Amino acid sequence: MSTEVLEQSRWTNSGAPLLQVAGLETRFTTPDGTVNAVNGVSFTVSRGETIGIVGESGSGKSQVLMSIMGLLPQNGCSTGSVKFDGQEILGQSRDKLNEIRGTRMAMIFQDPMTALNPYLTIGRQLTEVLTFHRHTHEALALEQAREILEQVHIPEPDKRLNMYPHELSGGMRQRVMIAMGMLCRPDLLIADEPTTALDVTIQAEILGLLAEQQAATGTAIILVTHDLGVVAQLCDRVFVMYAGRLVEQGDVRQIFYDPQHPYTRALLHSMPRLDDDVTGDLPTIGGQPPNLARLPRGCAFAERCDYCLDDCLGAVPPLRQIGPARWTACRRDASELTA
Amino acid sequence: MNTKPPLMSVRDLRVHFPLPSGLFAETRLVKAVDGVSFDLYAGETLGIVGESGCGKSTLGRAVLRLIAPTAGRVAWLGKDLKESDKRQMRALRQDMQIIFQDPLAALDPRMTVGAIIAEPLDTFEPNLPKAVREARVAETMQRVGLSPAQINRYAHEFSGGQCQRIGIARAMILKPKLIICDEPVSALDVSIQAQIVNLLRKLQREENLALIFISHNLAVVRLISNRVMVLYLGKVAELADRDEIYRNPRHPYTQALLSAVPVPDPDFERSKKRISLTGDLPSPINPPSGCVFRTRCPIAIDQCAEQAPSLEAVTDSHTVSCHRWTESIQLLEPTVPKVTTAAS
C-alpha cells in the first residue's frame, strides 16, 4: 500500500526537468584566500537518465554535488540556482531540505565506512530512513529494510540487519549504502565515486547493481568519477569539468568517440587502456591543474593546452553549443585540433 | 628469454602471520603469501596484480626482507639472502629500493626535499664531500623531473605527482638494480599517472633497472610490465608474459579480473560479456580447501574442493594453477579486450 502512495507523490510538477542547475558558483573562504571551487556551472538532468561527471581531483566535481545537496562545510557558500522538480533548493533551510533529502534525492559516498554510523546496526540505520521520512511503523520498516537488502543481493539479510558496519566487507557496506539510498525510491540518486575504494570485481558488481536498481525504479543518477571506463559503461550523458567549470558536455558516445575540448582529448589519451598494446610512452598532460585560489584570467586549461593561442589568455571561453545537447568551452574548432 | 642468470630468484616463499589467540586455543595463521616462486631479470618489469588482501604488498616486502619470510628462499644474484649477515644485507639494500603508494605519507614532513633525497647517501656513503653530495642530489632531481631550485622546500609544498617524483629520486640516488613499486600511481590522477609511469620506464631504460610493479590497476600493469603475476589469497593463480596473459588468460580468476575492468569505450563496454564472481574474497585465516579460488569460481567442480591445483605449464613462459585450465576458455568465453594497436 505504501508504495502506491509513493508512486503518486513522485510525479508532481512533471513539466519541469528533474534537476536544473544554473550559474552555480561555490566559494570557500580559507586562510589562503578564497577558493573558487565551482565557477558558473549550468546543466539539467531529466528523469531516469544517468549523468557522468568526470574530471581530476580539484576540478570541482564533488563540490557541485555537495552544493546541490546543501552539504557544504561552514566556510563554503553557493550562489546561483538549483531547482529540483521546479522548486528552488539552493540556500533553503535544513528542515526544508530534509523534506527532499533522503526521500526524493539521495546520496552515496565514496567511503561507506565513514558514511555509515559505526554505533548503529545496519537494521537501525536503514529503518531510521523510513521512520524519519515516511513515519513508517518500526516493524514494517524492518520488513522493508530486509526486502531492500535482498534486492541489493546481500546474502542472509536477516542476519545482516543485526550487524554493525565494521562486520561487513567494503563491497557489502557499499551495497548497504545503495540500499539506504534506494529505500525511499528517490527521483535522483547522487553517487560520488561510489566504487573508487573497491576492487574491480566488486566494482563490477556494484555498478551492475546500480544499473539494475535504476531499471527497476526509474531513478536518475548523477555519477561522479575519475574513471572514464565506469562512465563508458553506465552513463547516457557526460559532463567534463576542469578548474570548477564545465568544459564539455555531450552524449556518452560523442564524448568518447568525438571529443571536442583539448582537455577531454588529452584525458582520454593519457588513460592507459586494457585493450591497448602500447609499447611506447603514454601521452601525458604536462604541468598541474591551476590553483583554485588564483585562477588565470583566461581559459584555465591554457597553460597545459597544445592548441593555446593569444585569445585563450584574455577571457574565459564561454560554453558554446555545437550540436543538439552538445557543448564545448574551447574557442578552437575541432578541425583546428589535430591530434 | 634470458641467458643471463636472474637478478633475483624467489622459490616457494611463504609469509605466515600468527594471530593473537587464547591461552589454550590453537594458534591461527594468516597465510599472506603461500608458496610464491619467480625469477626476475635485470631490466625487466614483473607486474603483480590481485585484489586487496591477496598478499601483493606483503610479497613485495618479503622479497626485500622488510618482513621476514616464514619459509622459502630469496636469492640475489645467486646468493641466498638468508645467509647474508646484517652487515652484508645492509650493503645489499643499496641495490634494492622501494617506493610507496601514498607519496606524501612516505616523506618526512620536517625534512627538506634535498635532505630526503640525500638521506640514502648519508647512510651508505657518509664520507662523500659536501659538494659531490649536493651535485648528486641536484642531478637526481633533474632526472626525475624536479627542479634543483626546489631543493630547500618541504614535502607539503609539492603536489601528489611531485611527491612521488621525490620518492623515486630517493630510491634512485644509490643507483639500485631493483625497485619495488607498491601501487606507485594508485593515488594519482590519470594525467599525473601517465607522467609517473613514463618516468619509471625512462629510468628503467637508462639504468637497466628491474622493477616489481605491484598494482590493482590492470591497464597500468599492461603498459609497464614484461611479465604479469596474478595473485589470489597468497598463491600464484597465473604467471605469463604480458601479451599472453592479456590475450590468452587461462585462469578463471584472471579472466574475471580482465572482464571486470571498465574500458573507456561505450560500445565495447555495453556489449562485452562480464564474468561475474560471487561473494567476497574468503578470509586468509580460514582459506577454502583445495583450490583457494573455488568458492567464487564459476566453473568449480568437486575435484577443486578436494585437491589443490599445482602450477602447470601452458607454454614455456606461461604457468597456471587451475584444474580446468585447458577448457576454461571454452567454458567461460571471456571477452578478451580487442587490441587496437597504438593507432588511435
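This is a predicted model: local features need pLDDT of at least 70, side-chain atom pairs count only at pLDDT 80 or more; totals for chains, interfaces and linings use all residues.
The secondary structure of chain A consists of 13 helices and 12 strands. Its radius of gyration, 21 Å, is close to the 20 Å that the globule rule gives for 339 residues, so chain A is as compact as a globular protein of that length. Taken along the principal axes, the box filled by the C-alpha atoms of chain A is roughly 65 × 45 × 40 Å. Of the 339 residues in chain A, 49% are buried, and among the contacts of this chain with a separation of 6 or more, 65% are made by residues 24 or more positions apart.

Chain B contains 12 helices and 12 strands. For its 344 residues a compact globule would have a radius of gyration near 20 Å, and the value of 21 Å found for chain B agrees with this. The C-alpha trace of chain B spans about 70 × 60 × 45 Å along its principal axes. Buried residues account for 46% of the 344 residues in chain B, while residues 24 or more positions apart supply 65% of the contacts in chain B that have a separation of 6 or more.

Between the two chains, 38 residues of chain B are in contact with 38 residues of chain A. On the side of chain B that touches chain A, at least two residues are supplied by each of the helices α6 (190–207), α7 (218–224), α9 (252–260) and α10 (266–271) of chain B. The most is given by α6(B), which contributes seven residues to this side of chain B. By residue class, the side of chain B that touches chain A comprises 20 nonpolar, nine polar and nine charged residues.

The crossing in which α5(B) passes α6(B) is right-handed. From α5(B), the residues that meet α6(B) are G160(B), G161(B), Q164(B), R165(B), I168(B) and M172(B), and their counterparts in α6(B) are I192(B), Q195(B), I196(B), L199(B) and L203(B). The residues of this contact divide into six nonpolar, four polar and one charged. An α-helix has 3.6 residues a turn, so residues three or four places apart point the same way.

Helix α1 (residues 56–63) of chain B is mostly covered, with seven of its eight residues buried. The buried residues of α1(B) are K56(B), S57(B), T58(B), L59(B), G60(B), A62(B) and V63(B). After α1(B) comes R65(B), which has a positive phi, near 60°.

Positive phi values also occur in two loops of chain B. Most residues other than glycine have a negative phi. L77(B), which is not a glycine, has a positive phi near 50° and is located in the loop between β4 (71–76) and β5 of chain B. With 13 other C-beta atoms within 10 Å, L77(B) is partly exposed. K175(B), likewise a residue other than glycine, has a positive phi of about 50°, and its place is in the loop between α5 and β7 (178–182) of chain B. K175(B) has 12 other C-beta atoms within 10 Å and is therefore exposed, the cut-off for that class being 12 or fewer.

D85(B) lies in the loop between β5 (79–80) and α2 (86–92) of chain B, and it is exposed, with 7 other C-beta atoms within 10 Å. From C-alpha to C-alpha, D85(B) and L233(B) are 31 Å apart in space, and in sequence they are separated by 148 residues. D243(B), by contrast, is found in helix α8 (residues 242–247) of chain B and counts as partly exposed, with 13 C-beta neighbours inside 10 Å. Along the chain, D243(B) and N226(B) are 17 residues apart, and 8.4 Å separates their C-alpha atoms.

Methods
Residues are numbered from 1 along each chain as its sequence is written. Chains are lettered from A and ligands numbered from 1 in the order in which they are written. Two residues are in contact if their C-beta atoms, placed from the backbone, lie within 7 Å. Helices (H or I, at least four residues) and strands (E, at least two) are DSSP runs, numbered from the N terminus. Ala, Val, Leu, Ile, Met, Phe, Trp, Tyr, Cys and Pro count as nonpolar, Asp, Glu, Lys and Arg as charged, and the others, Gly among them, as polar. The radius of gyration is taken over C-alpha atoms; the globule rule is 2.2 Å times the number of residues to the power 0.38. A residue is buried if 20 or more other C-beta atoms lie within 10 Å of its own, exposed if 12 or fewer, and partly exposed in between; C-beta atoms are placed from the backbone. A crossing is left-handed if the near helix is turned anticlockwise from the far one by less than a right angle, and right-handed if clockwise.
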